Amino acid sequence: MSASTFVDEKRLAQRLAAMARIGATEKGGVNRQALSKEDAAAQRQLVQWGEALGLKPSVDAIGNLFLRLEGTDASAPPVLSGSHLDSQPTGGKFDGVFGVLAAFEAVEAIVASGVKPRASIDVVAWMNEEGSRFAPGMMGSAVFAGARELDAVLAVVDKHGVSVKDALRDVRETLRDVPERALGERVSAYVEAHIEQGPHLENEGLTIGVVTGIQGKRTFAVRVEGEAAHAGTSTRAERKDALLAAIAMVQALADALHDAEDIVKFTIGRFDVKPSAPSVVASSVDFSIDLRHPDSNVLQALGDKIQPICEAHAGVCAVRVTELSKAMSLDFPEPMRALIRDAASGLDLRHRDILSTAGHDARYLHYVCPSAMIFVPSHLGLTHCETEYSSSSDLTAGARLLADVLSKLAA
Ligand code: GLV
Ligand code: MN
Ligand code: MN
């Protein structure tokens, strides 16, 4: 019997529910930001489940957590599967954690099938995919893939000045019995299961999305420097109002990046005004830019407009634009997609090819080994919010498909 036969819907649902209690919000979502005590508790929980199943845990220097099912051939590079346990501040119960627990369930099913894989299979929880506390996200997978320097990432601070290095030390304390492993080991393949985070599969009555690739994304930090002044006494001529300058920049950017087709995705998700006092002219504004487009040439051209537009609207203030990350669109290799398509057909799961317009850790693994992704439907496409929902049967279908795909890749 194939491994998928041994996937247990109830067990998967119970584990998802247990994880959803860690960092649960009042409105039914999750706040489990990277390297918080909730993130540490979720990792601890995963290690406990892994130990009960006989999986070997390990962590690397950037805080990626692995649980290994040993293969029979120690010289074969492992197959990796997982996603992330961290969430947005008002995140849902499935983004990321589903991919980790689907991989865990798939491995448990493979164990139950009695067939020992030739290559080891590592369930992985990548550190800080979301990038809400420490920006930009996908830190763990980027460092694993050699796309970002370990020391530079460890030096990133959150808005309270806490560094990744210090936060990581606290999480490591919770996992002190877990051995360390070298960064960036050779990998034979990577498969990430994830909720779609869009409405297409649900609208079309399909269960599985075979992900063709991931659209490109550039992120920027903008700092506008003005001067604090008295709201009652300073004249307009004297003021260097960082807020008014920032608003002019934001409006000009929104106009320049507007497309009638609604393909360009332009988001300012963070906007911090200082000193943020009612009777003081704003001395500085920091804001973020998240820009996405499936065509890498268009993404390049649009992203290149950002700095000149900000400079043109700075007025008497100073502005500094820093590009934090730049990731072009990518296509997953066709043989990996075909493997998933065939396995889905074998399980009678209705599927279609689909582009991921959200980012995922698979983006970085793509440059390390043959990689692929499996999507399951998201109700109404709602995500990065507390009402995010996917049905237990769809989640289980995704885990069943993953079990068969991992079995084949590790055989
Ligand atoms: C991932 O969470 C993204 O922002 O695409
Ligand atoms: Mn995610
Ligand atoms: Mn997310």
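Hi everyone, let me start with one residue: at 11% relative accessibility, Glu 130 counts as buried (buried means under 20% relative accessible area, exposed over 50%, partly exposed in between, with a 1.4 Å probe and protein chains only). Before going on, please note that this is a predicted model, where local features need pLDDT of at least 70, side-chain atom pairs count only at pLDDT 80 or more, and totals for chains, interfaces and linings use all residues. Residues are numbered from 1 along each chain as its sequence is written, chains are lettered from A and ligands numbered from 1 in the order in which they are written, and side-chain values use heavy atoms, with hydrogens and water left out.

Helices (H or I, at least four residues) and strands (E, at least two) are DSSP runs, numbered from the N terminus. His 384 counts as partly exposed, at 38% relative accessibility. Asp 95 also bridges the manganese ion (ligand 3) and the manganese ion (ligand 2), which lie 3.6 Å apart.

Now to the backbone. Most residues other than glycine have a negative phi, and most peptide bonds are trans. Which peptide bonds are cis? One of them runs from Ala 135 to Pro 136, with omega near -5°, and Pro 136 is in the loop between strand 4 (121–126) and helix 4 (139–144). Another runs from Lys 274 to Pro 275, with omega near 0°; Pro 275 lies between strand 9 (271–274) and strand 10 (284–293), in a loop.

As for positive phi, Leu 35 has a value of about 65° and is buried, at 5% relative accessibility. Asp 262 has a phi near 65°, but is exposed, at 52%.

Last, the cysteines. How many disulfides does the structure hold? The count is 0, where a disulfide is a pair of cysteine sulfur atoms within 2.5 Å. For Cys 317, the nearest cysteine sulfur, that of Cys 310, is 12 Å away.

Conventions
Donors = N, O, S within 2.8 Å, 3.2 Å for Na, K, Ca; no water.
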